[in-house]
Amino acid sequence: MSVAELKDRHLAATQTVSALRDRLKQKRLLLLDTDVAGYSRSQGRTPVSFGPTDLVCCRTLQGHNGKVYSLDWTPEKNRIVSASQDGRLIVWNALTSQKTHAIKLPCAWVMTCAFSPTGQSVACGGLDSVCSIFNLNSPTDRDGNLPVSKMLSGHKGYVSSCQYVPDEDAHLITSSGDQTCGLWDITTGLRTSVFGGEFQSGHTADVLSVSINGSNSRMFVSGSCDSTARLWDTRVASRAVRTFHGHEGDVNAVKFFPDGNRFGTGSDDGTCRLFDIRTGHQLQVYYQQHGDNEVPPVTSIAFSISGRLLFAGYSNGDCYVWDTLLGQVVLNLGTLQNSHEGRISCLGLSADGSALCTGSWDSNLKIWAFGGHRKVI
Amino acid sequence: MSPEVGNIVVEERLEFAFAMEYHGPPITSELPRAVPINVDRIPVAAVVSQMPLPDKLSLPVVQPILANNLTKKFSKELKFLGSESNFLPINVSPTSVIAFESPNGAVIRDESLSKELASGSEITVSPSSVYAFEERRPGNDGCDLSGELSSSLDTHYPCGQYESGELSGMVDRSNGLGSSSISHDHSRELLNGVGSSGPLGFSGSFEKSRELSESSRKMMISRDYKGSLDYNNDLNKPDWASNESVISVDYPSSRVSSLKVADGCNEPGCDVKRAPVVTFCDIESEDEDSNDRFSRAGPEVVRAKKEPAVRVRKGACYRCLKGNRFTEKEVCTVCDAKFCSNCVLRAMGSMPEGRKCLSCIGFQIDESKRGNLGKCSRMLKRLLNDLEIRQIMKAEKLCEVNQLPPEYVCVNGRPLCYEELILLQSCPAPPKKLKPGNYWYDKVSGLWGKEGQKPSQIISPHLNVGGPIKPDASNGNTQVYINGREITKVELRMLQLAGVQCAGNPHFWVNEDGSYQEEGQKNTKGYIWGKAGTKLVCAVLSLPVPSKSSCASGDQFSNIVSHTAPDYLEQRALQKFLLIGYSGSGTSTIFKQAKILYKDVPFSEDERENIKLLIQSNVYRYLGILLEGRERFEEENLNDLRVNQPSSEDELIGRTDGGEEQTIYSICRRLKAFSDWLLKVMVSGNLEAVFPASIREYAPLIEEMWSSSAIQGAYKRRSELEMLPSVAGYFLERMVDILRFDYEPTDVDILYAEGVTSSNGVACVDFLFPEPAYEENFNSSDQHDSLLRFQLIRVQSRGFGENCKWLEMFEDVRIVIFAVALSDYDQFAVDEKRSLVNKMMLSRKFFESIVSHPTFDQMDFLLLLNKYDLFEEKIERISLTKCEWFDDFHPVTSRNRANSSNSSVNHAPSLGQLGFHYIAVKFKRLFSSLTDRKLYVSLVNGLEPNSVDQSLMFAREIVKWDDERPNFSASEYSVYSTEASSFSH
C-alpha cells in the first residue's frame, strides 16, 4: 500500500468521522426539546433569592505572596490547602483562619493541589510534570521544610489538576499537559493506568481538569483544551466512555454534580454547561451577556451541596452564583463587599456545603458563608 | 443647609485671585492677643457680641454656651440629630467640637485663638490652605481684620459673624458642639470653591489636640458610649468602629470591608488614623478634597507611630469594649490595640505578619515591641494549636515588614541602607539582637559596640557597612588606640592583663584573628586572644572574644549569598530570566552551559549518575539507529548486487564458503545476534529497563562491533539516517569509553547529551555573575549589584501549541530570552496539523505567539541566534532562501570572496555573518511590527562557554539598563542602541 493511497484513505476516514459527528449533533439537537431552565420555568419554579447578608465573606486567609492557583478542602475537618505562585502550599484551619503548615515546594510553578480523604497528606503538581505528595505528619527537616514523601513522575507535560480518589488515600487521578490523565498508586508511586495518549482515543490537547464522580468513584470526567470533556472509567483506560462536545473554547474546569449523574464545565468561551453522563446531552448553558464585548473565561466552578447553586469564578474577578434550575445569576460575589481584587482562580465548597472558599490572584483566599438564618442550599 | 445660606453662597461666589492685596478700610477692631490656654479647662464659647453685619448677610448666630463640661452636654446634642442632618450638607461629627470650638469662641477668645493659629501655621499646613483663606477674604466685607493675620488662617472671624446671624435657632445644638456652626460655615467656604475647610481644622485641631488631649479623650470615650448608638446615620468615622462592631460580630472580616466600602469619604479618614498628627482631621474629612490633603500630610507621618483605630476606656478590649485591665489581652505589634481572647482572632485575622490587627497589616511594627517578636503569649497558645502558633511566630519573625528598618541602625555615624543591613545580618557572625540605635564597628578587627560604649561583640570583619570609625566611637579616654579608636579603660585593662605593652600610649592595629601590630610597624607583636587566660579575663570584664565562625572567616565574602537567607531576601534580590525556544533551538544546551559556568558544582553526584545512565542509554539508542541503518544499507546493497549480478559478478566483494552473500555492511553471526537483540529491545521500548545490566556483559561485543567495517561503513553514511541526531557522532566515536562501567561523564559530555534537563516542564538555576577582578576598585555601588541574584528559567516549548495557559505564571520575569537555531532554516518538522513545515517558520510562529502574549506585554525580549557554527558551515552549501521567509536574501558578495578567507585584511563579512545579520533584522522587523518596541539580538553558540556567558551578561545589562532608563534622557540612551549593524540588501 503506497503512502499516497494511505493518505487518501485517511482523508476519507476523517471526512466520514466528521460527517458522522455532524449527524450526531443534528440528532441530538432534534432530541433536545428543552433545557433545564425552560422546563423549570414551565413548572413555575422561581429562582433562589439572595439578600445582602445571605452570603458574606467571613474570613480572609492572608499569607500567600503570590497568585493563588488552587485550593482544596478536607472532607471532614475544616481545613484547606492552597497552592500559590510564591512556591508554597499552605494548609489552613478554616475556622481560626490560621496556617497550620506552610510547605515550600521544590518547584515554584505549582498549578494544583489536593487534600487526601483522610486529611493526612496533600498532593500538588505543576510545571515540573511531577505530582508531589507531602505527608503532613512527617517531621520537618532542619530548615523547617516538609520533605516530599512521594514523587509521582511519568507525565510528559505539566500536571494541571489532581484529585484523590474518594475514600482511599492510596489512589490519585491527575490530568496533564501531555493530553493524558493518569491513575496513580501512591504507595508504589507508579501509574496504574494512562487515559488517552498517542494511540488511544483520548484528548487531543492539554487536559486541564478532572473531577471524580462522588457516588461512583470509578468514573471521572476530564476537561481539555480541545474544548471537549470526556468521561472515563478507571477500569477501561483504552478509550473514553463518552465525549462531550459543545464548548467553543478550552474547558478549564469540570465538576461532578452532587448526584453523580451530571457534571458541569467551565470554559474559555465564557459559558458554563451542564451535561448528563447517561444521555450525553447538554442540559443547560449558563451564560450572561456582559456589557462590553469581552467574554471573561470561566476559571473554576463548584456546585452547592444540593446542586441548586453553581458557583463560577471568572477571570475578570467576578464570581457568579447561578441558579442551576433556572439558569439565572442570583448573586455576584465580585460586587459584594469585601470581594477579591483579582481574578478568581479557584473555588471550592466545604464538604458540608456550609462555606465556599475562593482563591484569587490577589494572593488571598476568602471564605464565604451563609449568614443570618439562611439554610445551606 | 438652610436655603438662605444657600442663596448667600450663590451671591457670594466671586472671582477669586490668589493672594490678593487687601485694600479694604483700616482695621477698626482690636487686634487679637494671644493668651495661653489652660490645659485643664476646655476653652468654650462665650456670648457673642453682636457685630454689625451687612443687611444682606443674614447669617446664623451661635448663641454662647458655657460648656465647661462638654461631656455632660454632649448627650444633649444627640437630640438634634435630625436638625443637624438637614442643616449640614456635610456630616458634622460630634468630635468637631474640639476642633471648632476655637472659632466659636472667636469673639471672646480670639486672642488665644490667633495665637494658636499663628503657632498652628508652623505645623505643616499645606500652602494651598493659606491661599484658600486669602481668596476668601474679599468675600467678607464686614469683618476687617488685620492683614497680618491673613497668613495665619484668619477665617474664623467671618465664621464667628455668620454664626451669630442665623444659627441662633440652633443654640442648644451648638451648646453641645459649639462647632457645628463653624463647620457649617466651612461648608460655605467649600461651596465658595475654596474647599479647604480641612486645613483650618487641621492646624487648629492639631494645636488643640495637644493642649486638650485630656478633655478630648474624655470626649471620645463618651462618644463611644453614647454616640455609637445614636449616631448611626451620622456616618462619622470615629463612629463606624463602634457601629461596625455591632454589625460584624459574626464575621470579623466584614469589619474591614465596611471600613473601606461603607463610605467613600471615610477612606481618607481611616488613613488618617495612622498618624497622631492628623488624628483629628477625620472630624471633617467628609469633604472631598480631604483626600489630597491627607495624602499631602501622609509622607511626613509614615514612620509615625500608628494609633489604634478605636479609642476605648483603659483596660478594655479594643473590639468588644468589654473587660478590664486584668483580663488577658493580646497586643497589636503596630498600634498598641489590645484584644481579649474572644476578639483576637477576629481582629487579627489570619495573621500573615504576626500579631497585627487587620488594619495594621503591612505597617512596620513598633520598635519597642521588637523584642517580643516570635514570643508567643499564653492566650494564643490556648486559642490555637501548636502548628498554628508555630506558623504565626515564624511569619512574625521572618516577614519582610517586620524586619529592622535599615535607617534605624547607624553604624559609625551613618544610617545603613538596605543592602548594608542585609550584609550585616547575613554575615557569618552577625551582631546579636540588633536593635535600632547607634553603633560603632571596627572593620579591621570586627569589634562591634554601642556608640560611646566598650565593645560588646566581635562580628565578621571587613563588612562594608557604615562610615569609617571615629576615634571617639567608644568614648574612651585612655589615649590608647586600636585601629584608630580610642579604647575604653576596661579594654586597656584587658590588654594589660593579656600582656600587651601599653606604655607610651601606643596605637595598635588589630586584625580579626587577634594579631596586633603597633601602628607604623610591620611585625606582628602577638595575639591578643592567644593566651588561654585572656578569654577568662574577657569574660570577667564582659568584653567580647572572637567567636569560632568569625575566626574562620576570610572567604565568607564570596559566598555571602549562599548563606541561608530568609525567604524575603531571596525574593527581593532575584532577577528572573525566562529562556524559551522552539524544540531543537538549543535552550537546553544554553541552560546546561549556564549551570556549568556559574555553579561551583553544576551537577551533584546523583545527577551525574543519572546523566551517565542517560548518556549510555542514548548511545545504545544511537547504536540501534546505526544498526538499523546498517541493515537497510545491507539490504540495498544486496538488492543492488542481485540486480547487477549477471553483468558484474566480479564486483562482488566477497563470498563466504557457505555461499552466503556478503557486502561491506554484513556482520558476523555473533554480532548479528546482538544487533537483532538490541533492535528487538528497542522496538519493544524497554531499553532503559535492560541496559544497565547489559553494560558489563556486552562491553567487549560493543568494542568489536564498533571496530567492524560494517558499522564504520554505516557510520560514514550517517547523514542518510534522519533519526540520528547530529550530536550522535560525538558520542558514537567515543562509544567504547562511554559504555565502560566506570565511565564518568565530563562537562562537555553533559553539554552534548540530549535530555539532561528534564525533557519537559521547567528547569531553573539560580546564579550570580562571577565578579570580574577589576570590579574591586568600585566600591559600595557595585557591591550592591553583586547581591543581585539571577535565575535562569528554561521552559520546554513542547505543549505550548496554541494555548499558552501557563505562560501567565511567568509574568514576574525580567526578560524573555528566546532562542532560535540558525541552522534550522533548511530543516522541516511536522506541526500539529501533521504537515511538514520549515522549522524556522515554526520558530517564527512560536516567537510571534510568545511576543504577542498578553503576559509579556512591555517585556524586554532578547533573541539568541544559536548554533552559529553549524549555520556558518551550512550556509555555504545551502542557500538561505530555502526557507520561504528568507527568500529575499541576496547577499552582496565581493568578487574575490574565494580568496577572502586568507586575505582577512579587508574584513569582508562572511556569508555566515551576512546571513546572521539578515535573520536578525528579519526578527527585529517582525518584533517591532508586533509590539513597536526594540528587540535585542545576540549571537550565541551554546557549546561555547564564553558566548553563553556573554549573552547572559547582555541580558543582565538590558535589565539593569531598563532599571536605570528613567535616569537617562532620550538622547542619552540612544547611544546604547543595540541595532545590529545596519544591514541593507
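Author: Rings of Phe, Tyr and Trp (its six-membered ring) pair if their centres lie within 6.5 Å; planes under 30 degrees apart count as stacked, over 60 as edge-to-face and the rest as tilted. By this rule there are 41 aromatic pairs over all chains. The model is predicted: local features need pLDDT of at least 70, side-chain atom pairs count only at pLDDT 80 or more, and totals for chains, interfaces and linings use all residues. Residues are numbered from 1 along each chain as its sequence is written, chains are lettered from A and ligands numbered from 1 in the order in which they are written, and side-chain values use heavy atoms, without hydrogens and water.

Reader: Why is the pair of A:Tyr314 and A:Tyr320 called tilted?

Author: The ring centres of A:Tyr314 and A:Tyr320 are 4.8 Å apart and the planes stand at 55°, so the pair is tilted.

Reader: How do you know whether A:Tyr314 is buried or exposed?

Author: Buried means under 20% relative accessible area, exposed over 50%, and partly exposed in between (1.4 Å probe, protein chains only). A:Tyr314 has 2% relative accessibility and therefore counts as buried; A:Tyr320, at 7%, counts as buried too.

Reader: What makes the pair of B:Phe847 and B:Phe923 edge-to-face?

Author: The angle between the planes of B:Phe847 and B:Phe923 is 90°, with 5.2 Å centre to centre. B:Phe847 lies in helix α33 (residues 839–851) of chain B and B:Phe923 in helix α35 (residues 911–931) of chain B, so the pair ties together parts that are 76 residues apart in sequence. Helices (H or I, at least four residues) and strands (E, at least two) are DSSP runs, numbered from the N terminus. Both B:Phe847 and B:Phe923 are buried, and both belong to one aromatic cluster, whose members include B:Trp885 and B:Tyr918.

Reader: What makes A:Lys67 a charge over the ring of A:Trp361?

Author: A charge sits over a ring if NZ of Lys or CZ of Arg is within 6 Å of the ring centre and within 35 degrees of the ring normal. The charged end of A:Lys67 is 4.2 Å from the centre of the A:Trp361 ring. A:Arg343 also lies over the face of A:Trp361, at 4.2 Å from the ring centre.

Reader: Why is B:Ser588 called buried?

Author: The relative accessible area of B:Ser588 is 15%, so this residue is buried. B:Ser588 is placed in helix α24 (residues 587–598) of chain B.
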